[in-house]
Amino acid sequence: MDPALYGIYEEQVKAFFDYIKQMERVRELGGLHVVGSERHEARRIDNQLRGRAARQGDPGSSRFYLSLEDELMRLFGGQQVENLFKRLNVDENLPIEHNLVGRLVEQSQTRVEGNNFDVRKHLLEYDDVLNSQRKRIYSQRDMVFTKEDLSEDVDDMLSTELQQRIPVALKDEGGPWKLLAYLEEIQPTIEYENILYPSFSIRLLLEEIKRNMPDAGEPASRLRAALLALAERSLQAEKDHLVQGIRTMLEKSEEAYQEQLKDRLETLDTFLEGLEDDEEASRRRPSEVLAQLSEQVRAPLKLSTDEMRLLPENNREIKENIRRQIEAASLAITVNRIIAAVDRRLEESTGLRAPQFQNLDWQDVREQIIQTVDTAFNKRFDRLLGSEGQIPHDLDPHLDHLGEGVLEENNIIRMLGNMAQGTRLAFDRRTHRQGRETFPPPQLRLPGIPPDGESYSAGAHRRSNRASFRRSTLFGTGLG
C-alpha cells in the first residue's frame, strides 16, 4: 500500500510496524524470560507467571529462585533440607539444583492448597447456613407483604415453639417457673391507646381474683381482700419453692462434701505413707513438707514446730489432728458456697457465717440453714403483708383513687402491675452516686397516680422478690 494512502491512520500504522520490528528482535534474543524471586503457596500462580513466556508459539523461558528461609520452606520441611546439606558440607553460596528440593516444594504447595481448600470449604458451609436462614427470612417477609391474613402462620409458629418448650420445661423441677417467665418475657402486658391486653400470667391471676373475691362488702374492700390473699399465697408459694430448691442443693452439697473429704483423707494417708519410705524427707525442712501436704490435700494446715518435726514418723495423734483440720476446712468451703447460693436465691443477706458452723455435724448445719431461711421469710411476710406492711400501704391510695371503677378489669390489671413493682437502693457506676431504683421498670400505672417512689415511697425494704409474686401465685393456688 502506498504510504500516501495511510491518511489519518499514519500513526497507528507506524506503531504497528514498530511492534513487528520489536517482536522480531525479541525472538532473536530468545523471547521473554520470566524470573521468579520466590515460589507462591499455590502452583496456579507459578504457572500463570511461567505462562507469560513462550506464548502463542513464541520462544521464551522461566527461572525461579527459592531460599530455604522463605515462608513456604520454613513451614514445610525447609529445615530438614538445610540440615541435610549441612551434613553434606555444601557451600552456602552454591546454588542447589536437586530433584529433592523440587519435590519438597511441590509437596509443600500441595499441602498448603489442601489447607486453603478446607478453609474455603468450611467458609462455604457457613455461608450455606446463612443463605438458608436468609431465604427463610426473605420468604417470611414476602409472605407478610403479600398475604392478607397471617393468623394461621402465627398460630403454627407458636404451636411449634410451645410443643418443643413445654415438655422440656415440665421435666425440670423449676421448669414451670421458667416457662411462665418465658411467656411473660415474650408477651408482656400491652397497653396501647387505652386498650389493655394482659399477659398470660396476669390473665390467670385475674381469673383467680374473680373466683376468690368476697361476695359481701364494698367493692374496694372486696378487691383489697382478694389482692392481699393473692399476695399471701404467692409469697407462700415462693417460700415453698425456694425451700425445696435449697433442700435439694443441700443434699447435692452433702454428697460433694463427702466425696471431696474422702479424696483428701486418702491423699493424706498416701502422703504420710510415702514419707516413711522417702529418705530425702528427713533432709527437707519440716515447713516445706507441711506446705507440700497442704497443697496436695487442698487445705490450710497448721502444726507446731514439734509436730512438724514428727510429721515424717506418721504419728497417730498428729495424723488425727490433720484429719480434723481437713474436715473443718472442707466443711468451711462447702458452707461458704451454700451461704452464697442461699443469699443469691433469697436476694438478701441471711447473716450466716461459716465460723458459726464449726464443730457441727452435717445434719445440724442443714437444719440451721433451713431454720434461717424460714426466719428470713417470716420477716419478709411481716415486712410486706403485716399490719404495717408495704403492700397494704401501697394498695390503699390506689383503691381510694379508683372509686366506683375499682372492679374494672383494666384497673385490676394496673393494680397487679403496681403490686409487682418495688424500689431498692442502687449504685450508679457512671456517676458514683447512690439512689433508688424501680424494678421492674414501670409499665402500667393507674391514671393520675404517680409512679412508685415519687409521691410516696415503698422504701428500701421492698425487695426484688416482690416482682415474682405474679408467677408464684399460680403455684400457690394450684393453677400451675
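Me: Which residue in β2 is the bridge partner of Val-34?

Reply: The model is a predicted one, and in it strand β1 (residues 32–36) is joined to strand β2 (residues 60–64) by 5 bridges, the two strands running parallel. Between them the chain passes through helix α2 (residues 43–50), in a β-α-β crossover that is right-handed. Within this pairing, the partner of Val-34 in β2 is Ser-62.

Me: What is the N to O distance in the salt bridge between Arg-165 and Glu-161?

Reply: Both residues belong to helix α6 (residues 151–171), and because they are 4 residues apart there, about one helical turn separates them. Arg-165 is partly exposed at 33% relative accessibility, and Glu-161 is likewise partly exposed, at 29%. Their side chains meet with an N to O distance of 3.0 Å.

Me: How many residues apart in sequence are the parts tied together by Lys-239 and Asp-374?

Reply: The side chains of Lys-239 and Asp-374 form a salt bridge of 2.5 Å, N to O. Lys-239 lies in helix α9 (residues 219–277) and Asp-374 in helix α13 (residues 362–385), so the parts that the pair ties together are separated in sequence by 135 residues.

Me: Is Lys-239 buried or exposed?

Reply: Buried requires a relative accessible area under 20%. Asp-374, at 30%, is partly exposed, whereas Lys-239, with a relative accessibility of 12%, counts as buried.

Methods: Residues numbered from 1 in each chain as written. Predicted model: local features only at pLDDT ≥ 70, side-chain atom pairs only at ≥ 80, totals over all residues. Heavy atoms only, no water. Pairing = 2+ DSSP bridges. Right-handed = clockwise from strand over helix to strand, strands pointing away. Salt bridge = Lys/Arg side-chain N within 4 Å of Asp/Glu carboxyl O. Buried < 20%, exposed > 50% of the residue type's maximum accessible area, 1.4 Å probe, protein only.
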